[in-house]
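Have the sequence and the 3D view open while you read.

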Amino acid sequence: MLSSKASSNCHGQDSLYFLGWQVYEKNPFHEVENPTGIIQMGLAENQLSFDLVESWLRENPDVMGLKNKDGESVFRDLALFQDYHGMPAFKNELVEYMAKIRGNKVKFDPNNLVLAAGATSANETLIFCLADPGDAILLPTPSYAGFDRDLKWRTGVEIVPIHCSSSNGFRISMFALEEAYERAQKLNLKVKGVLITNPSNPLGTTMTKDELQSLITFAIDKDIHLISDEVFSGTVFDSPCFISIMEAAMDSNRKRNTDVLSRIHIVYSLSKDLGLPGFRVGMIYSNNQTVVSAATKMSSFGLVSSQTQYLLSNMLANKKFTSNYMKRNQKRLKKRKEMLVSGLKKSGINCLKSNAGLFCWVDMRHLLCSNTFEAETDLWKKILCEVGLNISPGSSFHCSQPGWFRVCFANMNQSTLQVALRRIKDFVERSSFSNQQNMGSLSRKLISNWVRKLSSADREEQER
């Protein structure tokens, strides 16, 4: 009776990444009302700088009241139907903000910007523009758990993983790129592009200019597109600094005769940098006018409300606010990340070295009972149900090695993070004590067996 899309299970909702959320929602932690509840550490939200945004809103009540600088209401203008190209004032401020995050090393043309209802919508729209059902997109792993939904559920596009390893810090190697491309060809899949997240979700690392230019060279050689999801670009809180794919592409374009920029596309949103995921503001930036035209037409299925555009265009126009916000937000993220890394280290748990994002990529391989994904799932269940922490297992990010977890740190206050770190410490100590008991029991059994064998040998010697 229903369509195959409605009745299929390819949405990705059955991933442990989403299942952890469901368990958390049934028993959420609250410092007073439910102190033994589950702490949400699987949601990459930035709540550390809400006070800065709220302060600006209090200082600009006319904007919240949908009034212009003269105090006149703009309600009727905003309430009427808006063209899906987006409000020019908002797009102008948006491209300036994007350039500011990138150190003004690149400039963006508002005419090449397409608005979308969040990065989820932007990524899907871009895939619709670049690929047909049955085509393939190469994606480095570990990769954002939601991409199974965003990139392939409705588009019918296949994702071919570029397997990255902890041996080199999960960096993308040319060998892994070529291997993924060849694997796609053996499967008779037409590769249409490579999609990266930079800064990486879930690694929290940024790519070097050399790495980006190697990707650009690969895309040119294979005649495919390159998509850079840069939604965490404003969260870079430590060196090395963030380098956008557009900066690397402009350098490559100057050195080549080919039109590099026409195959480079950026996805961005205000969900992570400004901590506004509920506002649903995403965008596609492309120098390819055919892509811009098609994506603009498709954007009518996921528009950003006029009221949201009006509010944010005024906020971003305040350059003093944006400069202060960026500086203080990055400082807060760095401090909170260091708190998590330090706390985990005291429990004997290490993290991948990172300089961006709202999370850490945490190495818990030594806590597995075996080097398998089954053991990783068992550990995840214990941490979720017994310890009361919802962290995300590496398998849900398609990591090729078991024992890695993404742990978020910016979606809670400091005291809640301290509770989480105490819980982790207690769990590791209990596990260590239990392992020592098991080892002691095993040792006693081995000694007992050895004594019995020795005694038996003695008897046999005496009988001889």
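Here is a short briefing on helix packing, sheets and aromatic rings. Keep in mind that this is a predicted model. Two packed helices are described by the angle between their axes and the distance between the axes.

**Helix α6 and helix α13**
- Start with α6, which covers residues 88–101, and α13, which covers residues 306–317: they pack at an angle of about 45°, and their axes are 9 Å apart.
- That angle makes α6 oblique to α13.
- If you look at the handedness, α6 and α13 cross in a left-handed way.
- On the α6 side the contact uses Ala89, Phe90, Glu93, Leu94 and Tyr97, and these meet Gln309, Leu312, Ser313, Leu316 and Ala317 of α13.
- Sorted by class, this contact of α6 with α13 has seven nonpolar residues, two polar ones and one charged one.

**Helix α6 and helix α14**
- From α6, the residues Glu93, Glu96, Tyr97, Lys100 and Ile101 meet Lys319, Thr322, Ser323 and Met326 in α14.
- The contact of α6 with α14 splits into three nonpolar, two polar and four charged residues.

**Helix α13 and helix α14**
- The axes of α13 and α14 come within 5 Å of each other and cross at roughly 80°.
- An angle from 65 to 115 degrees counts as roughly perpendicular, and α13 and α14 are therefore roughly perpendicular to each other.
- Met315, Leu316 and Ala317 of α13 make this contact with Lys319, Phe321 and Thr322 of α14.
- By class, you'll find four nonpolar residues, one polar and one charged in the contact of α13 with α14.

**The seven-stranded sheet**
- Seven strands make an open sheet with mixed pairing, in the order β2-β8-β7-β6-β5-β3-β4.
- Its edge strands are β2 (113–116) and β4 (158–163), and each pairs on one side only.
- On average, neighbouring strands in this sheet are turned by 25° against each other, direction ignored.
- β2 and β8 (residues 282–286) run antiparallel and are joined by four bridges.
- Helix α9 (residues 174–186) lies across β3 (136–141), β4 and β5 (191–197), and it runs at about 150° to β4.

**The four-stranded sheet**
- Another open sheet has four strands in the order β9-β10-β13-β12, with antiparallel pairing.
- β9 (350–351) and β12 (392–393) are at the edges with a single partner strand each, so one side of each has no neighbour in the sheet.
- Two bridges pair β12 with β13 (residues 404–408) in the antiparallel sense.
- For Ser392, the bridge partner in β13 is Arg406.
- Helix α15 (residues 373–387) lies across β12 and β13, running at about 30° to β13.

**Aromatic rings**
- How many aromatic pairs are there? The count comes to 15.
- Take Tyr17 and Trp21: their ring centres are 5.3 Å apart and their planes are at 45°, so the pair is tilted.
- Tyr17 and Trp21 are four residues apart in helix α2 (residues 16–26), which means about one helical turn separates them.

Definitions and conventions
Residues numbered from 1 in each chain as written. Predicted model: local features only at pLDDT ≥ 70, side-chain atom pairs only at ≥ 80, totals over all residues. Heavy atoms only, no water. Axes fitted to C-alpha atoms, helices over the stretch in contact; angles between N-to-C directions. Parallel < 35°, antiparallel > 145°, perpendicular 65-115°, else oblique. Left-handed = near helix turned anticlockwise from the far one by under 90°. Contact = heavy atoms within 4.5 Å. Nonpolar A, V, L, I, M, F, W, Y, C, P; charged D, E, K, R; others polar. Pairing = 2+ DSSP bridges. Phe/Tyr/Trp six-rings, centres within 6.5 Å; stacked < 30°, edge-to-face > 60°.
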